[in-house]
Amino acid sequence: MSRIKIEAFVIRTTRLAESSRVVTLFSRQAGKVKAVAKGVGKPKSKMSGTVELFNLIECLLYKKENADLGTMGDAAVLDDYHHIPADTRKFGFGSAWCEILQKTSHPDQPRPETFELTALFFKTLDLSEPGNAGLLFWSALFKMLAIEGYAPRLEKCLSCGKKKKDAKLMISLGRGGLICAGCIEEDEDAIPVSQSAFDILGAMGAGGFEDIAEMEVSPRIGREAAEVILSFASYHLGLPRNLKSFKFLESLGG
Amino acid sequence: MPKSLDELIEALSSLPGIGKKSAARLAFHLLKRPLDESIEISERIINARRNLKPCAVCGNLADQERCDICADTSRDNSMICVVEEPSDVSAIEALNEYRGAYHVLGGALSPLDGIGPDDLNISSLKKRIKDGIHEIILATNPSTEGEATASYLYSILKTGQIKISRIARGIPAGGSLEFTDRATLAGALENRISFDH
Ligand SMILES: [Zn+2]
Ligand SMILES: [Zn+2]
C-alpha cells in the first residue's frame, strides 16, 4: 500500500453505495486518478464538500500496487470556482473541460503544463462574463494542443512558405496548419476558414486569457474557429467529437 | 454454498449500504423466519414498484394520480419547494414544519452524465408557477450540480412577481438533504435567502 499527497482537480464524481463516491481526479503528481471517497456524502464527514466538481483539492491517496482504484483521505479544498455553476453556460463549458481531461489523461502520467492551464482556465472562467465562456473554453483547448505540440501553425503556408493572402484559407489537419490554395492536395483533409476566423485563431494562440476575454467575436466566426480546434483535438489527441457536455450545451440553445 | 442462497445474498448486496456480510445476515434471517414473512416482503416490493408513479402535479411518488401532499387541501399551495428527489420530500416532511407544496425534478443538471434541462421535470414547474404562486424555494442539494440547477431555475423562473429563495448554507457543501440532520435542515429552510445574486 502506497500513500502519497496529491494536489488535484475533481473532474468527475459518481455515487457509490449510499454516501460514498468514486471520484476522478486530475492530479499534478500522478495524472488521472480514480479513488473512493468513503462516507463523503454525510454532512459530518471530514471530507464533506471537498469532492465537488471543479474543486482544486489536496488529499492523501492510498493505493495498493496495480489497483485501479485508490482511497482518498484528509481532503481539503484549495480553491473552489463557485461562480462556474452559477451560470449554465459556464457550467457546461467547465464540464466539457473536465470531460476532455478524462478522455486525454492517463494514470501515472502527470501533465504539469496542462495542470497549470486548467488552474488558469477555471480561474478565468469563474470570474469572466458569462457571454465569453465559449471563447475561453476554445482558447484553453487551443493552448492544450500547443502544449502537446499540435497547435495549428498559421504564420505561412506550410508547403511553399508564402504568407497568407488568399481569399480561400485552408487549414490542413494532417500537415497541422495553413496550406495555400496553390499547395493544397485534392483530397487533403482540410478545413476552409474565413479571414476573420483565421485572425481569431491567431489571437487565441498568441494571447493570454485576459486578452481573449476582452475580444468581441460573432457567434458564426466563433463556431468556425471552434470547428478547427475541435477537429485538431480529435485528429491529433483522439478526442471524441460527441462529448456529453457538448450535447448539454446544444440543448441550452443559442 | 447452495445456488439459491448464493443468488439471494448477491441480490441483497446490490442494495445501497448493504455489503456482502450484511446481505448474508439478512438472508439467513429470512430463512429462519416463516415463509409467509418472505412472501409478504417480496409482495410489498412488487406492489410498490407497480403502483407508485410520479404525481401528475409535482413529480413526487404517488399511488394515485396526485400524491398525498398535492391532494391535501389544507396545504399552502402558494409556496413551492423544489427538490431533486422524492427522498428529499420525505426528509423535509419529517421536520413537520413546512406546509407548502413541492416540486420534484428527478435529479440535477449534470453535463457529464448527459442530464440537461429537458431531462428533468422542469416544464411542468414552469406551467405551475402561472397560478397564484408567491414563493419558490430552491432546495436542490448543496453540490456543484445542485447549485447549477438552482441557478438555472432562477434564470428561467424569475419574473419579479414571485419571490425566489435558496435554502441557506447551513448544510455543508457537498452534503445532501437526505443525510442532513433535522435541526440543520430545519435551520436551512427557515433561514432561506432571496436568490438574486
Ligand atoms: Zn503554399
Ligand atoms: Zn404531488
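1. First, some ground rules. This is a predicted model, in which local features need pLDDT of at least 70 and side-chain atom pairs count only at pLDDT 80 or more, while totals for chains, interfaces and linings use all residues. Residues are numbered from 1 along each chain as its sequence is written, chains are lettered from A and ligands numbered from 1 in the order in which they are written, and side-chain values use heavy atoms, with hydrogens and water left out.

2. Start with the zinc ion (ligand 1) in chain A. Its protein donors are the SG atoms of C157(A), C160(A), C180(A) and C183(A), at 2.3 to 2.4 Å. (Donors are N, O and S atoms within 2.8 Å of the metal, or 3.2 Å for Na, K and Ca; water is not among the atoms, so sites may look incomplete.) Along the sequence the donor residues follow C-x2-C-x19-C-x2-C. The angles subtended by the four donor atoms run from 101 to 117°, so the arrangement is tetrahedral; for four donors, that label requires all angles to lie between 85 and 135 degrees.

3. How exposed are C157(A) and C160(A)? C157(A) counts as buried because its relative accessibility is 2%, whereas C160(A), at 35%, counts as partly exposed. (Buried means under 20% relative accessible area, exposed over 50%, partly exposed in between, with a 1.4 Å probe and protein chains only.)

4. Now look at how chain A is divided. Its domain assignment gives domain 1 (2-79) and domain 2 (83-252); such bounds come from an automatic or database assignment. The centres of domain 1 and domain 2 of chain A, taken over C-alpha atoms, are 30 Å apart. In contact there are 16 residues of domain 1 and 21 residues of domain 2, contact meaning heavy atoms within 4.5 Å.

5. How much area is buried between these two domains of chain A? The value is about 1600 Å², with carbon and sulfur atoms giving 72% of it. (Buried area is the accessible area, with a 1.4 Å probe, that two parts lose on being put together, summed over both.) On the domain 1 side, F26(A), K32(A) and F54(A) supply 44% of the area buried against domain 2, more than any other three residues.

6. One salt bridge is found across that domain interface.

7. Between the chains, 25 residues of chain B are in contact with 29 residues of chain A. The area buried is about 2200 Å², and carbon and sulfur atoms give 62% of that. In chain B, the residues losing the most area to chain A are P111(B), L112(B) and F179(B), together 34% of what that side buries.

8. The count between chain B and chain A is one salt bridge. R12(A) forms a salt bridge with D113(B), with the closest N and O atoms 2.9 Å apart. R12(A) is buried, with a relative accessible area of 17%, while D113(B) is partly exposed at 37%.

9. Over all chains, the salt bridge count comes to 16. Among them is E148(A) with R111(A), the closest N and O atoms being 3.0 Å apart. These two are 37 residues apart and link distant parts of the chain. E148(A) is partly exposed at 31% relative accessibility, and R111(A) is buried at 11%.

10. Two backbone spots deserve a look. D74(A) has phi near 45°, a positive value in a residue other than glycine, and is exposed, with a relative accessible area of 60%. D108(A), also not a glycine, has a positive phi of about 60° and is exposed, with a relative accessible area of 60%.

How values were computed
Salt bridge = Lys/Arg side-chain N within 4 Å of Asp/Glu carboxyl O. Tetrahedral: all angles 85-135°; square planar, octahedral: opposite > 155°, others 65-115°. Helix = DSSP H or I, 4+ residues; strand = E, 2+ residues; numbered from the N terminus.
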